[in-house]
Amino acid sequence: MSRLPQREGQRIDRSRPLGFSFDGKPRQGFAGDTIASALYADGQRVFSRSFKYHRKRGEICGCGQCANSLVTVDGAPGVRACAEPLADGMAVEHQNAWPSLEFDLMAATDRFGSRLTPPGFYYKTFIKPRRLWPYYERVLRRAAGLGRLPRRQAERGWETEYRRRHCDVAVIGGGVAGLAAALRAAELGADVVLCDEDIEPGGLLLAEGAHEQARDLAARCEEAGVEILSRASALGYFDGLVAIWQGDTLHQVRADRHVAATGAIEQPLIFPGNDLPGVMLSGGALRLAALYAVSPGESVVVSTCERRGLENALLLHNLGVSVAAVADLRREGDEELCDSLRAAGIEVLRGTTAVGASGRGQLAKVTLAAVDARGRAQGHPREIVCDCLAVCGGAAPASSLLLQAGARAGYEPGANRFLPGEFPPGVNGAGAVIGNEDPASALLSGSLAGAESALALGFGGAEDRARAEDERGRLEAATASPSPCLAPPALATDGRSEKAFVDLDEDVTAKDVAYAAAEGYDSIELSKRYTTATMGPSQGRFSQLAAVRALAEDTGLTLGEVGLTTARPPWTPVPLGALAGRPFEPAKRSALHGRHREAGAVVKWAGDWRRAYDYGDPAAEALAVQDDAGLIDVSTLGKLIVRGPEAGELLDRLYPNRMSTLKPGRIRYGILTSEAGRITDDGTVCRLDEETFYVTTTSSGAAAVEQWFSWWQADWRLDASITDVTQGVAAMNLAGPRARQILAELTELDCSNEAFPYLDGQHGEVAGVPCLLLRIGFVGEVGYELHCPAPNARALWDAIAARGARPFGLEPQRILRLQKHHILVGQDTDSESTPYGAALGWAVKLDKEQDFIGRWALEAKAESEPPTALVGFVCPGGEVPSEGAAVVEAGVVTGQVTSSRRSPKLGQSIGLAMVPPAAARDGARIVISDRGQRIEATVQTAPFYDPEGEVLRS
Amino acid sequence: MSTAFISPLGSAEAPARGPFADAAAAAGAVTEVRDGWEVVTSFGDAAAERAACASSVGFADFSFLAKLELQAPAATLESAAGALELGSAERREGAWLCPVAPELRLELHPPAAAAARREQLEAAGVRTCDLTASLGAISVCGPRATETIARFSAIDTRPKSLPVSGFRPGSIARTPAYLLREDEERFLILFGAAYGAYFWETVATAAAGLGGRPVGLDALAAPSEVPHA
Amino acid sequence: MSFVLTCPNCGTREVTDFGFGGEVSARPASKPPQRELNRYIYFRRNVAGPQREWWVHRSGCRQWFLAERDTRTNEVLWTARPEEAP
């Protein structure tokens, strides 16, 4: 098909042809085309098949608002053909048809299935037998999909970006009102961001012959410093934050003031056959002709119920499109416009509307008639042969963003629309969305909104305020009488076989809405969910008003009474990847991480740290610690410095045992509990000097413990300061029979047991690195936890490793500590565990005079037996039950396994479990049920290894 | 001092290594030991690095800066270290004095000056903790610096919200951090040292998307805190 | 939910910068009877309307502060350091 003559304002560059393919066949378009305009110009009217009935669908709005032009481009599904600029070499494919666009097997649902597929059919049809649901689901998903995603992330090849933008004024919508608002606010000195969905700003001006004005306004905006985001959709308004999706970037715009200039959306008409390719919105037809020089048809008929349709018909004619006839539902009004149309040789039929369209897969004939209130044809219908029907069923304000911000919508019968009002503070509307539709008043209302926004922020002066006052007066005068629009009649749903669609995204027909109302789904929110009308990708842009009207008709309520459904984000369908934005995955790594990698460590997540889980042979690593010497990176431990004259007092109030009595250079284990007496964390406390304590916490608990301490401190305000040094201090544990010898070779400290006994903390240089050495024994062997500045950690690690201490990871450490019954908070305790239920009653000193957090609850707990006890167990059969497996008694779950491992040293399967108190005695038999397997175990209350701690203290 | 084990101690043979050391090495860093720290002088192309800072964005490791945390009653802080207004840091004798809360401050000093400063503050009754190793520092500079930061932080960097010397504790790359505007087009980000590799990747990706790159100290106009061999 | 809060030390930030400490409830001065203890530990008033609550600027100065927030609208009426709260 050839293009229309060249004119100003067209986007295409005829000197730059672009080659692309559609379903594998080569096609051609021009630079500046969209995929849809190029296909249309090439004679391709059908782009995809519809969601449910697999009907052929093509161009409708010409600006990316509906789901009927979704295609797959270079493997990426869901691309809107009428909004996506054509690029050289693009591989475009249709969606939702198999085996081909022309012959789709699933289209059988259209012919035979509509009676079988009423609303809610799958709730009703596929419930039995239940076990087949996964199969049904697979078939349904395939049948009702809208394109397919490549399975693998790598095949998607798409990286997304997040961008934060703060500004004074955010303007949503780049039509004449939005441009005017942005320009005015920027001229007054405000920092303005404007986003617009189209390829260039200008909105309706671009296609309506005012492209020069549009481009001039946009240029002035740029000059005034407005940041214009094109092809950018505002997805939603979230407590003042507007999320804007633009290609690969998600902009999060936080503005002090917002102007919604989101326009109004031309509405379709509802009649049988209203989805045939060739039936489109009058604005869509106009865009094809004006912007892309594509004639929407050889012969075009226009059917409208307001002025806009007449104007568009005349514009089409002036662009060289052959318009055969115009049907206007209104019997009178706009006589001059009608005369102009007649003068152009176009037949004008007043008081009539489209009541039917037919053709084989494409529009061939339209039926026009006068109708009664129920949409039944009156008198003699007129049949006109044509291949394009441009419809205009009024315009619905695109108020979603305003409603999300808290505005309310009210129905205006005369103008046949829901108009938003009662705007929240800081939010303005401008242009068609608030009823200022004609370009002049849209410009005025935009300028006023821009001025009001900037003035409210303190920009501008008295003169500007006066000008805004004047504009307000002029605008009120101009909008006293809105342009009349006759509501198209609701369609009679009785006795018709051809489908009349209310929602083209979701293939919901007028009959479906009536059917749902008859079944009792008579509120708009229920009707929406039951029929799925308005739930498709266009978010009700073209179907909300029709669905409301259909329901009003079926229930006898007024439109105002039926109301709108709640406006929810996103306004535009958005790939989840765009919402995810940049893939942030904050990971902490110790200063020794590089060394672990070099040593072949298996690295896994441990809380928010990446940790060496093992170095390939956890059992051998564990044995090395017990037989020789091992070295583990424990930099992940939380580390706090608590300092001040009342530091001891602070710790006494937080820990259930005494910390203020610690002597400088000594270490004590402590648990932390909530006020309810539940264990929240544990660790050691070393007193460094009279006023300074060094507190370690669990690896995952560091931030929470710091917050917990400072929270109470905010209340108590003791003379003590808390500093988290977790990330600056590296720590490594050198343990094993040869640990002392290795250490002695690297330091001048006296490492003998007498000079440096168990639970002592000493300062000294090790391998030239300043260290705090804590003699503690989490793994059960003689051990020294060396704390040093992270920037020096590598030198220290290297020096120790060079003396033969074998690096061991988290997994061997877990075996070793299990042998000693050393618990892991969060693993061997849960949110219900008290110290008494976790064999840690000894760490609670109720005899201390000091009040402490959790004391009152613990006093009560101390008086009664805990519901469960934490004990060790051995499985004589050698099975290693899963952690989390149930402890059962006579078929009833009475406890659970919290930790279990095979000990290479002991040659036994060992574990810790929560069991009923009665079973908490040596030799008691317990039964573990592990995924259907029955495992017998014997309780052992003392540690499996070195029960008296002689090794540890040696 | 009983907390000596938290203060990095470097020598020419065994220099202190900041949280970016591994990532910078992998990116081809040319290093040198200054004031006991392994610092990056360039990534092999100082001219291109200077160009990035002038026309787009460059980022450089400043983790060697000494960072002192000061805690004391507001009046004590004021008499010992001068009055500061929350939100605004002050440049004084090669140091940045940054207020976090009325009773909490951060000070950034050249490595060599830290020990003496600490003693001076302690003597004045200010509890001073050395966070040099706990916080990494990255300088982001160039005309695209604010756009780079906007790729991973929601902190408002418009000049009217964050003027030169403005100091903002807040979330950066989803971690707790501090942002200091050293100059119109120059920012210093302080972040948890364990996030070094993650931070490097985050900043590098954002900068690369805007035409930026990592740069060595040689590429930056030598501000007073850059230590020299 | 993406409202902003004003940290008394750092200024206005996104709510995701902060940690929530729940409604303010005073710790009894001495051990209360069991019933009151349970109320203190386990029960919250959970008002629909302005509520005095604890927040911590977890990603910033790490200081705790008090806020009054309308739980229905997320409107934050004021924030203040604990010792300066109205």
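Two strands are taken to pair if DSSP finds at least two bridges between them. Helices (H or I, at least four residues) and strands (E, at least two) are DSSP runs, numbered from the N terminus. The model is predicted: local features need pLDDT of at least 70, side-chain atom pairs count only at pLDDT 80 or more, and totals for chains, interfaces and linings use all residues. Residues are numbered from 1 along each chain as its sequence is written, while chains are lettered from A and ligands numbered from 1 in the order in which they are written.

The model scores ipTM 0.97 and pTM 0.92.

In chain A, six antiparallel strands close into a barrel in the order β42-β45-β44-β43-β46-β47. Direction ignored, neighbouring strands of this sheet are turned by 45° against each other on average. Strand β42 (residues 869–875) and strand β45 (residues 908–915) of chain A run antiparallel and are joined by seven bridges. A:Cys875 has A:Ser909 in β45(A) as its bridge partner.

Helix α26 (residues 810–819) of chain A packs on the sheet and touches β44 (892–903) and β45 of chain A. The direction of the helix makes about 115° with that of β44(A); axes are lines fitted to C-alpha atoms, for helices over the stretch in contact, and angles run from 0 to 180 degrees between N-to-C directions. Contact requires that the C-beta atoms of two residues, placed from the backbone, lie within 7 Å.

Between chains B and C, 11 residues of chain B are in contact with 12 residues of chain C. On the side of chain B that touches chain C, β6 (95–101) and β10 (167–172) each supply at least two residues, and the largest share, four residues, comes from β10(B).
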